[in-house]
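Open the model in your viewer and keep the selection panel at hand. The tour has two stops.

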Amino acid sequence: MLTRLIIHFAYLLKTSSRYQITKKFAFNLLENPGSRLKRHFDLFMILLVMLSVFLLIYEINNPPIPYSEWFENIVVVVFIIEYISRGWLYSDSHKILIEHYERAQYLGIKFQLRKPLTTIFSSKLRYIFSPYAIIDLMAILPSYWPLRILRIFLVFRLFKLVRYSHSVKLFTEVLANKRFELFTLAMFIGFWLFISSTAIYMFENEPVGGQVRHLFDALYWSVVTMSTVGYGDITPQTPGGRIVALTLIIIGVGVLSFFTSIIVTAFTEKMEELRENRTFSEVENLDNFIIICGYGRVGQEVAKHMDKDKQAYVIIDSSEENFLLARRNNCLAIKNDASKNEVLLNAGINKGAKAVLCTTGNDVTNVYVTLTSRHLNPEIKIISRANRQENIKKLKQVGADFIVQPFEISGLLAAEYVGQPVASQAIFGIINEEKNILMETILVPENSDIENVKIKDINFEKRRLILIGIISNKKIHCKRNNRYKVKNRQFYFNPGEEFLLQAKDILVLLGRKYSIDYFKDQIERSSLVIK
Amino acid sequence: MRVKNIAVFGYNPMSFELIKCLDLEQHEVVIVDQGHENLITAADLGFTVIETDYRNDDNLEEVGIGRHIDVLFCFFEEDSNNLFLTISARAMDKKLEIISIVDDPESADKLLVAGANKIIDPYQICGRKIYQLIKNPDIADVLDHTIFGRHDLNTAEIEIPPDSPLENTNASQLQLNSRYNLILIAIVDKELGKELHFTIGEQDHKLDAGDILIVLGPSRQIRAFKKEVELQT
C-alpha cells in the first residue's frame with residue numbers, strides 16, 4: 001500500500017509542471033553557471049558571508065549590536081535552505097523511483113521499494129560528503145546552541161566564498177591540477193625537514209651548549225630557516241649546526257623557487273582556458289551571429305565587412321599567428337581546430353549562429369569543417385571556399401550551400417581585363433562598390449505603391465537607377481522571354497515596359513547607395529499607408 | 001580582335017584558373033616559371049612553357065618582354081616577386097600591360113607605383129563575395145549570372161568607330177533596352193577624359209567616335225548591336 005502511494009506520488013511529481021518550474025528555478029538560481037540569476041545570487045551570498053564574519057570579528061572585543069542575533073538567525077536560515085535545496089537538486093529521486101518501478105514492470109518482477117531507496121539514499125549521501133557540502137555544513141553547524149564553543153569555526157564561512165567567486169574557484173582548481181608536483185614537493189620538503197631537524201637537534205641540543213631544547217624546537221628552526229624567513233631566535237652555535245643551516249638555506253631557496261614556478265606555470269596554462277571560457281560566455285550572449293573558420297586573408301576580409309555592418313561573428317583558427325591577429329583586431333576568437341564537434345558546439349553552432357564560413361586556404365580542412373558543421377546542424381547556412389575546381393563537388397556533397405573559388409573569380413576578372421579592359425573596370429567598380437555604386441535588391445512589399453504597376457510607370461531613370469532585372473517565381477511572368485533560372489526562381493533580365501510587378505517580386509537595381517536607399521524607403525513607407 | 005601575346009609568370013592554381021578563362025585560340029599564351037616540376041604539369045596540359053629565372057633582365061628579354069609580349073601577368077604567390085618582376089618589366093617596356101595579383105593589401109599601392117596597370121586581390125574579392133552570400137544571396141547570384149557571365153548574359157565593351165551611325169546621338173536616345181534587349185551600364189566619354197561614368201541618369205552623354213559603351217545582355221544581341229554600330233554610313 002505504501003509502495004503504491006510512493007509510486008503514485010513520484011508520477012505526480014513527474015507530471016506536475018509547477019514542480020518542474022520550481023526545480024528549474026532553483027537550478028538556475030544555484031547551479032546553472034550560465035544563468036544571470038545565479039550571478040546575482042552569488043553576489044548576495046558573498047555579501048551575507050562577509051557581513052556575518054565581520055559581525056563575528058567585531059563582537060570579539062565589543063558589546064553585541066542590537067538585532068545582531070536576528071541577523072545571525074536569518075543568515076543561518078538562508079544557509080540551511082541553500083544547503084537543503086542543493087541536496088534536493090543533486091539528484092532526482094522521483095526519476096530513480098520511476099526508473100526502478102518501470103524496469104520491474106517490464107521484467108514482470110515484483111517491485112521492491114528497498115532498492116531504489118538505497119540508490120536515492122546513497123546519492124544523497126554522496127552529496128553530503130562532497131567537499132562543497134561539507135563547507136556549507138561547517139558554515140551552519142557552529143551556530144547551533146550546544147556547539148556555541150565552536151563559534152570560532154564560523155570563520156569557515158569564508159570558505160563558502162569559494163563556491164560563489166569564480167576566481168577563488170579557479171585558484172583551487174589550479175592547485176588541484178598540480179597535485180602531483182605539489183605532492184612531490186611536499187615529500188621533498190618533509191624529507192629535508194626531518195633530516196635537518198634531527199641533525200640540528202644532534203648538534204645543538206642544550207647539553208652540548210646549543211639553544212635547541214627539544215625536537216619541536218628543531219622542527220620550528222628548520223621550517224623558519226628553510227622558508228628563508230630566519231627569525232634568529234634560535235641560532236646554531238656549533239660548526240656542525242652552521243653547516244646544517246647553510247645547507248638548509250640553499251635548499252630552502254631552491255624549494256621556494258620550485259614552488260613559485262609550479263604555481264606560475266599552472267596559472268599560465270590555465271590562463272588560455274580561462275580566456276577561452278570568457279569567449280564562450282560572450283558568444284553565448286550573441287544572437288544571429290556567424291562562425292568564421294579560418295582567419296586568413298579571406299577570413300579577415302569577410303570580418304572587415306561584418307565590422308562595418310555591425311554583424312556579430314566569432315572566429316575559430318588553430319594557428320597562433322592568426323589567433324593573435326584576431327585578438328589584436330578586437331574580434332571574438334577561439335584558438336582551436338574547427339573540425340572538432342566540441343569546438344563548433346562551444347562556438348554556438350546550435351545556439352544562435354546563422355551561418356558557418358569555411359575560409360581556410362586548405363580544401364581538406366574546408367571539407368572537414370563543412371561536414372562537421374552540417375552534421376551538427378542540418379539547417380545552418382554553410383559557405384565554403386574551394387581553392388581547386390575538383391573539390392567543389394566534394395564540398396557540395398558534404399553539405400555546403402554556397403561555394404566560392406577565390407582563384408576562379410580572380411582568373412575570370414584577369415582574363416576579362418585582357419579582352420575588355422574598360423568593361424572589366426566597370427565590373428570591378430560594381431563588385432568593389434566604388435564611388436558608392438552598387439547592385440542591390442528591393443523586395444516589392446504587399447499593398448505598396450509599386451505592386452501591380454508596370455515597369456514603365458516607375459521611371460527608374462528619373463530615380464537615377466538602372467533596372468537590371470527581376471527575380472520572381474510568380475507564374476504570371478513565366479511566358480516572358482529573357483528568363484534565366486537562378487536556383488529555384490527565375491531571373492528576368494531587362495524586363496519589358498509592360499512587365500507588371502507583383503508582390504514578393506525582387507527588383508535588381510544598379511545605382512548609387514543613396515538613391516537605392518531612398519527608393520527603398522519610399523516603397524516601404526507606401527506599404528504602411530492603409531488604403 | 002587583334003592577337004595578343006600574353007606571358008603568365010608563376011604557375012599555380014590561380015594562374016591555372018586564369019589560363020582556363022583566357023581565350024587560347026585568340027591569344028598566344030606562354031607560361032614562365034622557375035620551378036621545373038610546376039612546368040612539367042603545365043606542359044603536360046599542352047601549354048607553352050619557358051623555364052627561366054625572372055630576376056635576370058636578359059632572361060626576360062628572351063621571353064619577349066620589350067619585344068612582342070603585350071600583356072604580362074605577375075601571378076607569383078609572393079608579393080615581393082611580383083613587385084620585382086613589375087619593376088623590371090616596366091623598365092623594359094613602357095607600353096606593356098602589367099596585371100599583378102596581390103597577397104597583402106599593403107603591397108597594392110607599391111605595385112601600382114612600380115608600374116602595374118591593374119591589381120587583383122583574390123582574397124579581397126573572395127571575402128566580399130562570401131559576405132554578399134550571407135547578406136544578400138540574390139545579388140551574389142545575379143552578379144554571377146550577369147557580370148561574371150556564367151550563363152548567356154555577358155558584359156561587353158563597344159567602342160564607337162568613326163563614321164558610325166551612332167555618332168552625335170545622345171546616350172539617352174539609344175533606347176538599348178527596348179531595341180536590342182541590352183542594358184547600358186556605363187560610358188567612357190572621351191570629351192570628359194578616360195574615366196568611366198555609370199549611366200545612372202546623372203548626365204546625358206553625347207556619343208562620339210572613340211567613346212566606349214559598356215553594355216550588359218545576351219551575347220547574341222551584343223553581337224547584333226556591335227554589327228550595327230560598326231556599320232559604315
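Predicted model: local features only at pLDDT ≥ 70, side-chain atom pairs only at ≥ 80, totals over all residues.

Select residues 153-159 of chain B, strand β7, together with β10(B): the two pair in the antiparallel sense over 7 bridges. Strands here are DSSP runs (E, at least two residues), helices are runs of H or I with at least four, and both are numbered from the N terminus. Two strands pair if DSSP finds at least two bridges between them.

Residues are numbered from 1 along each chain as its sequence is written, chains are lettered from A and ligands numbered from 1 in written order, and side-chain values use heavy atoms, leaving out hydrogens and water.

B:Val188 has B:Ile212 as its bridge partner in β10(B).

Is β10(B), residues 212-218, mostly covered or mostly uncovered? Mostly covered: 7 of its 7 residues are buried (under 20% relative accessible area with a 1.4 Å probe, protein chains only; over 50% is exposed, in between partly exposed).

Now move to chain A. Select α5(A), residues 93-107, and α6(A), residues 114-128; their axes come within 9 Å and cross at roughly 150°. Axes are lines fitted to C-alpha atoms over the stretch in contact, with angles from 0 to 180 degrees between N-to-C directions. Show the contact (heavy atoms within 4.5 Å): among its residues are A:Ile96 and A:Leu97 of α5(A), and A:Pro116 and A:Ile120 of α6(A).
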